[in-house]
Amino acid sequence: MPAPKVDQYKRVEQAPVSGRRLLAALCLWAALAGAVVGALLVLARVLAPGWSRSHRPVLNGLLLAGAYLALLVALALVFGGPRGFRDRLGFRFTSWADAGGALLLWLGALVAGGLLTVALRPLLGPPPDVAARALRLSGDPLYLGLIVATVCLLGPFCEELLFRGALLGWLRSRLPAWAAVAISGSLFAAAHVLPATFPALLLFGLAAGYVRVRTGSTLNTLLMHVTQNTLAVVAAYALLRTG
């Protein structure tokens, strides 16, 4: 009699994330990011000092993208590339219903986060419009392309793999799901170092963590993150155009 088939998603979801792998990824990221940023600065100052001075925003965009690419490479090396992203970090499609539910939960977190930010404004101050500040730095098409691609795609992809994939995956093997979601969401919000936006980022982190636990997929949380950042960039661009 043939053995019963094991659901692939359930089998993959059980793949653990060890503390050693997580620590190795963070250490490798620091080393790679330092090397990439250092190399870019040296090349800019030695090979094109005039260009680097006159195109400072472009150089900053390259440095930001380089830091995220270093994180992506570190995660790929430590967790085994695309297959490891799927098996250990949950980067896989589950269902259209899960994707739609993730977006609905994102919308609820967005509204609640906005209301909470307004309520706490006397205590935390006005939230900085990071997207608008970034877009104001330069109208250079290369700079704008780098910033939009990094903010809307590369950054969310790397952050979801790190926070909802590796970090939450490691915490879930040691703590109840609610505690793992709370800690990973808090660290995600704190990592942005923007006190005035901490409440909204925390609510997003909690919502994304819940989706990760509920669906087992960081692809669903990436959809939330990409939508969030893209909306912020589009809104900032619209305000700059009308202003």
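The model is predicted: local features need pLDDT of at least 70 and side-chain atom pairs pLDDT 80 or more, while totals for chains, interfaces and linings use all residues. Residues are numbered from 1 along each chain as its sequence is written, and side-chain values use heavy atoms, without hydrogens and water.

**Ser184**
- Ser184 belongs to helix α10 (helices are DSSP runs of H or I, at least four residues, numbered from the N terminus).
- Ser184 is buried, at 0% relative accessible area (buried is under 20%, exposed over 50%, with a 1.4 Å probe and protein chains only).
- Apart from neighbours within four places in sequence, Ser184 is in contact (heavy atoms within 4.5 Å) with Phe163, Leu167, Leu168 and Leu171.

**Helices α9 and α11**
- The axes of α9 (residues 141-172) and α11 (residues 198-215) come within 11 Å and cross at roughly 65 degrees (axes are lines fitted to C-alpha atoms over the stretch in contact; angles run from 0 to 180 degrees between N-to-C directions).
- Glu160, Arg164, Gly165, Leu168 and Arg172 of α9 meet Phe204, Gly205, Ala208, Gly209, Arg212 and Val213 of α11.

**Val193**
- Val193 lies in the loop between α10 (177-191) and α11, and is exposed, at 63% relative accessible area.
- Although not a glycine, Val193 has a positive phi of about 50 degrees.

Key: Helices (H or I, at least four residues) and strands (E, at least two) are DSSP runs, numbered from the N terminus.
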